[in-house]
Amino acid sequence: MRRWIILGVVVAVVVGAAALGVRWYRSRGPYLRDVSSSLQGGIAALLVAGGDDAAVTIDGVVRTRSCPRGPLRGGGIYTGGVEYYVSPGAEGALLSAIAARLSGAVLTDGVVSASLGSGVTTSVRQLGDGWLVGTVATACVSGPTQLTDTPVADSPPLDAVLQHLGTRPAALHRTTITCPSGGTAVTTAGLSLPTSSQNLAQRLPVPPGAHGYPTPGSNRVAYRDGNASVIIAASDDGTAITAQYTTGC
């Protein structure tokens, strides 16, 4: 009898410890939802920091790589951001302007960097002629391996641009962020049906009154018309055209 009592106590202790362990395991964070506000706020801050000096597009949040969250648990690094398009030679001036407008930012060796709290950081650097990318990244957090895009049935501005190039969208999706001053900024992006992507700058003139950012060494068209930005470029394999239309903050 005594042996069964002792065994029962041991089992109860083990089960209780296991239950506590499961609750501790499940409560470990942070999760993506815990840093989402800082992540989205950082993207909005990057968009505003670009001012009116560039054509822009918003990159939606994706899980860019996996990372360890402990011996039995994995996590991910999530990033989103803003891309800026300017005329070649204007990249340095834009980096300086972004550093001046972005709270807590420093410009070192051609890279703007800042910490946004909650383990979220941001950086802006030049990737090519007239092309800069601002990235907002989380620390290692728990979250889904894939995030769902918001599909869009049509986009009159992109439909019109692609129609001018002799094609139409094969698929469209939308990225939306909340602006610091209220309202929203939206990028609608898509890929055309298979078509020729050659000589885009010659085939798609910048509308009158818009500010174009020509880059002779790249097969793309980038312009800003008031608060709206349009970026047209060849797909990676050259068999289609990518199109992005953004309304800023």
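This is a predicted model: local features need pLDDT of at least 70, side-chain atom pairs count only at pLDDT 80 or more; totals for chains, interfaces and linings use all residues.
The link connects distant parts of the chain, since Cys67 belongs to strand 1 (residues 55–68) while Cys140 sits in the loop between strand 6 (131–137) and strand 7 (150–151), and the two cysteines are 73 residues apart. Both Cys67 and Cys140 are buried, and with 95° about the S-S bond their link is right-handed.

A disulfide also joins Cys179 to Cys249, with a distance of 2.2 Å from S to S. Cys179 lies in the loop between strand 8 (169–178) and strand 9 (184–192), and Cys249 lies in the segment after strand 13 (241–247), so this bond ties together parts that are 70 residues apart in sequence. The link of Cys179 and Cys249 is left-handed, with -90° about the S-S bond. Cys179 has a relative accessible area of 6%, which is under the 20% limit, and is therefore buried; Cys249, at 41%, falls between the limits of 20% and 50% and is therefore partly exposed. The count for the structure comes to two disulfides, and when bonded cysteines are counted along the chain, the pattern is 1-2, 3-4.

In soluble globular proteins, nonpolar side chains tend to be buried together. The largest nonpolar core of this model has 37 residues, of which Tyr84 and Val112 touch the most other members. The elements that give two or more residues to this core include helix 2 (32–49), strand 1, strand 2 (74–85), helix 3 (91–101) and strand 4 (111–117), together with strand 5 (120–128) and strand 6. Helix 2 provides the largest share, which is eight residues. Apart from this core lies another one, of 15 residues, and among them are Leu158, Leu204, Tyr223 and Ile232.

## The surroundings of Ala233

Ala233 is found in strand 12 (residues 228–234), and its relative accessible area of 17% is under 20%, so the residue counts as buried. When residues up to four places away in sequence are not counted, Ala233 touches Leu200, Asn219, Arg220, Ala240, Ile241 and Thr242. For one of these contacts, Asn219, the separation along the chain is 14 residues, whereas the C-alpha atoms of Ala233 and Asn219 are separated by 6.1 Å.

## Two salt bridges

Side chains of opposite charge can pair when their charged atoms come close. A search of the whole structure finds two salt bridges. In one of them, Asp52 pairs with Arg224, and the closest N and O atoms are 3.3 Å apart.

Asp53 forms a salt bridge with Arg101, and here the closest N and O atoms are 3.1 Å apart. This pair also links distant parts of the chain, with Asp53 in the loop between helix 2 and strand 1 and Arg101 in helix 3, 48 residues apart. Asp53 is partly exposed at 36% relative accessibility, and Arg101 is likewise partly exposed, with a relative accessible area of 43%.

Notes. Residues are numbered from 1 along each chain as its sequence is written. Side-chain values use heavy atoms; hydrogens and water are left out. A disulfide is a pair of cysteine sulfur atoms within 2.5 Å. Helices (H or I, at least four residues) and strands (E, at least two) are DSSP runs, numbered from the N terminus. Buried means under 20% relative accessible area, exposed over 50%, partly exposed in between (1.4 Å probe, protein chains only). A nonpolar core is a set of buried Ala, Val, Leu, Ile, Met, Phe, Trp, Tyr and Cys residues joined through side-chain atoms within 4.5 Å. Contact means heavy atoms within 4.5 Å. A salt bridge is a side-chain nitrogen of Lys or Arg within 4 Å of a carboxyl oxygen of Asp or Glu.
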